[in-house]
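This briefing covers a single protein chain. Please look over the sequence and the model before reading the points that follow.

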Amino acid sequence: MRWRRVLKEMAPYTPGKSIEEVKAMYGLEDIVKLASNENPYGASPVASERLAPQAVDLEIYPDGYAGKLRTKIASELKINENELLFGSGSDEIIVIIARALLGEGTNTIVATPTFPQYKHHALIEGAEVKEIPLINGEHNLDGFLEAIDNDTSVIWLCSPNNPTGNLIEADKLTAFLAQVPERVLVVLDEAYYEYIVDENYIDTVELIQKHKNVLILRTFSKAYGLAALRVGYAIGDQSLITPLNTTRSPFNVTSLSLAVAEKAFTDKAFIEKCRTLNRAQMERFYAYAEQHGLHVFDSQANFVLLQVPGSATEATEELLKKGYIVRSGDALGTPGYIRVTVGTAEQNDGFFKAFDTLLEGAGRLK
């Protein structure tokens, strides 16, 4: 086989251990998964009702236009329907962008650490990747600007950033966009948009009217609790959406996924409930970190990047033994930290007790 050379230097995505794997490894009955930033409150009951056996005609191809869902989102955001692109999760839209705009002779700019799929797919397409280190968990936008050259094709901004949770400040974002050449696509990944409570957040959808080179990514996998169904969307000027749609596979989102997402999108009360509960539990993490002298990043998402005593990988393994699946910072580019999904009150009670044993072992329990 004549594989692309770059694949020899890369590895497939390695997911965290599944609940069943952890049960088998340690002989546990109850497992709490806090590793993948899923919604611990599930999905809206309104959406779940759409999962009845007769929900879709299985022999019929999906609506490649995603018409009903498109109309609802466009109406809510007050944009034209041709300013939306749908994908099998926002992950697929990242693939579409890379395929359409990146290749040999081009480069792309990303933060480090950030969501790894930006770099992953850029490398597959043969593009050069310029990585700009975060400063205290935040994007170094001045560093991004300095890295732009004639071959720069795509800039990726993850806000809130994964894995730190930091939100790019509004004034810094607008000042940055004003300086980026119009020929460079700026992708603003807002996978955790629904969890944002920062009063200084600006409606980024308004930015696409002024900046035709800005593309916003959002998803139904996080706050909407539909990770298993894989629905994401992009918002941008038609001049961006049309060529990206040309790159997209014709029936890339299933009929069932579209039908459930359409229902979920209408349940604003559920999203508000999840946002409120998430923020209340987030405050508990901040208080716990302060009590024990641990650093934690300011997060506008549904996860925290929490300092651990000693090795992140060892801490992750010890928490696994107690039934809590978290993500080691060693795998995320943040050694000395773990990324923890903010769970329910009950889940977090158990997590803090498990974490206490780490502190006790290190002689740091207060």
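The side chain of T106 comes within reach of a backbone oxygen, that of G103, at 2.6 Å. The model is a predicted one.

*Setting of T106*

- T106 sits in a loop, with α4 (89-101) on one side and β3 (107-112) on the other.
- The relative accessible area of T106 is 19%, so T106 counts as buried, the cut-off being under 20%.
- Neighbours within four places in sequence set aside, the contacts of T106 are L101, A127, E128, D151 and S153.

- The domain assignment divides the protein chain into domain 1 (5-43 + 269-362) and domain 2 (45-266).
- Taken over C-alpha atoms, the centres of domain 1 and domain 2 are 25 Å apart.
- On the domain 1 side, 28 residues make contact with 28 residues of domain 2.
- The size of an interface is often expressed as the accessible area lost when the parts come together.
- Between domain 1 and domain 2 the buried area is about 2300 Å², and carbon and sulfur atoms give 63% of that area.
- There are 0 salt bridges between domain 1 and domain 2.
- Polar contacts across the interface of domain 1 and domain 2 amount to 8 residue pairs, both residues at pLDDT 80 or more.
- On the side of domain 1 that touches domain 2, α11 and β9 each supply at least two residues.
- With 6 residues, α11 gives the most to that side of domain 1.

*Helix α11*

- Helix α11 covers residues 268-291, which is 24 residues.
- At 1.5 Å a residue α11 should span 34 Å, and its end C-alpha atoms lie 35 Å apart, so the two values agree.
- The buried residues of α11 are F270, I271, C274, N278, R279, Q281, M282, F285, Y286, Y288 and A289.
- An α-helix has 3.6 residues a turn, so residues three or four places apart point the same way.
- The elements that the buried residues of α11 pack against are α2 (45-48), β9 (303-307), β12 (337-341) and α13 (345-361).

Definitions and conventions
Residues numbered from 1 in each chain as written. Predicted model: local features only at pLDDT ≥ 70, side-chain atom pairs only at ≥ 80, totals over all residues. Heavy atoms only, no water. Helix = DSSP H or I, 4+ residues; strand = E, 2+ residues; numbered from the N terminus. Expected span 1.5 Å × (residues − 1). Buried < 20%, exposed > 50% of the residue type's maximum accessible area, 1.4 Å probe, protein only. Contact = heavy atoms within 4.5 Å. Domains from an automatic or database assignment. Buried area = accessible area lost by both parts, 1.4 Å probe. Salt bridge = Lys/Arg side-chain N within 4 Å of Asp/Glu carboxyl O. Polar contact = N/O pair within 3.5 Å; in protein donor to acceptor, adjacent residues only side chain to side chain.
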